[in-house]
Amino acid sequence: MKLLGKTAIVTGGSRGIGKAIAIKLAEQGANIVVNYSSSPESANEVIRMIEAIGRQGIAIKADVSNPSEVEELISIAEAKFSSIDILINNAGITRDTLLMKMKEDDWDSVITTNLKGTFNCTKAVTKKMIRQRSGKIVSVASVIGIVGNAGQANYAASKAGIIGFTKSIAKELGSRNINVNAVAPGYIQTDMTDKLSAEVKEGLMAGIPLKRLGAPEDVANIVVFLCTEEASYITGQVFNVDGGMVM
Amino acid sequence: MVFEKVVEIIADQLGLDSAEGIKPSTSLMKELEADSLDAVEIMMALEDEFGIEIPDEEAEKFKNIGNIVAYIEENI
């Protein structure tokens, strides 16, 4: 086990990619703080899975877009586990629509949850990681943040923002032995992509050289790797996990 | 008193073995080789210790430890 005794916070950890990351981190020995926003049942199910692996887990409800809820999340996590070694900024939402139809609230809610949420959580753990002189921060961006997508201007902007944020923070915190990276998933089978229309799905499949959807575990594998000491010389990078969709 | 406490906090933040030789005229960045992140951390620690707020524009004016001590003494 490569992360024995480490503590990881996974935002949006009750479902989809976040859930897979939480489980795989636990399999490597980490204790997990599963943050969720709406579904305590799914979060508790993830905690049960983590405990079945023999690790400790705690589910904490918090809206990542709200700085005081994030502060609360971090202090509960600190009280339960003494160190915070890993932060996974995974919580994200979509509000897809064409720009001409996009309401201000569609824009604000996606930017606030995805991008400001990443800022809030990263800022909240930074002080502790600086003191520890170690830490791993991995944010879940998206290939859409690199290539854009019609109907997802808000989402694409939020994910591109996460990439710029990641690179800047990697530069700021490198001297404190804190690695900051991002992953950019392509078309991964989750509740989020299940909502897409059949037409959109077909279009996406046509552009994937590996001719299949990704699984949440495909993303989790590299996230876990980035949290290990084997990846200690990697920072400020974005890794596409997309079956070759974007090259 | 304030001076001793400030020196203690700076030495702690910078991980110095000893606070000996730190004088009011000592510069944080030049002589103690603190980087900008160290400076931010030190200001935050001083704010916590003395229960004051040190605005960024004030912190930027500090040339040496004596300046920091004077600001704290004026504002506590």
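**Reading the labels**

Modeller: Gladly, and please keep in mind that this is a predicted model. Strand β1 (residues 7–10) of chain A runs parallel to β4(A), and 3 bridges join them.

Biologist: What makes β1(A) and β4(A) count as paired?

Modeller: Pairing needs at least two bridges, and these strands have 3, so they pair. For instance, V10(A) has I88(A) as its bridge partner in β4(A).

Biologist: How do you know that β4(A) and β5(A) pair?

Modeller: The cut-off is again at least two bridges. Strand β5 (residues 135–140) of chain A is parallel to β4(A) over 4 bridges, so the two pair. In β5(A), I137(A) stands opposite L87(A).

Biologist: Why is the unit of β4(A), helix α4 (residues 104–132) of chain A and β5(A) called right-handed?

Modeller: Point the strands away from you and follow the path from the first strand over the helix to the second: clockwise means right-handed. This β-α-β unit is right-handed, so its path runs clockwise in that view.

Biologist: What makes both faces of β4(A) covered?

Modeller: I86(A) and I88(A) are buried on one side, and L87(A) and N89(A) on the other. Side chains in a regular strand alternate between the two faces of the sheet. Buried means 20 or more other C-beta atoms within 10 Å, so each of these four residues, I86(A), L87(A), I88(A) and N89(A), reaches that count.

Biologist: Why is chain A called as compact as a globular protein of its length?

Modeller: Chain A has 9 helices and 7 strands. Its radius of gyration is 17 Å, close to the 18 Å that the globule rule gives for 247 residues, so the chain is as compact as a globular protein of that length. Of those 247 residues, 47% count as buried.

Biologist: Now chain B: which residues of helix α4 (residues 65–75) are buried, and how do you know that they share a side?

Modeller: The buried residues of α4(B) are I65(B), I68(B) and V69(B). They cover an arc of only 95° around the axis, which puts them on the same side of the helix. An α-helix has 3.6 residues a turn, so residues three or four places apart point the same way. The buried residues of α4(B) pack against α1 (2–14) of chain B.

Definitions and conventions
Residues are numbered from 1 along each chain as its sequence is written. Chains are lettered from A and ligands numbered from 1 in the order in which they are written. This is a predicted model: local features need pLDDT of at least 70, side-chain atom pairs count only at pLDDT 80 or more; totals for chains, interfaces and linings use all residues. A residue is buried if 20 or more other C-beta atoms lie within 10 Å of its own, exposed if 12 or fewer, and partly exposed in between; C-beta atoms are placed from the backbone. The arc is that of the directions from the helix axis to the C-beta atoms. Two residues are in contact if their C-beta atoms, placed from the backbone, lie within 7 Å. The radius of gyration is taken over C-alpha atoms; the globule rule is 2.2 Å times the number of residues to the power 0.38.
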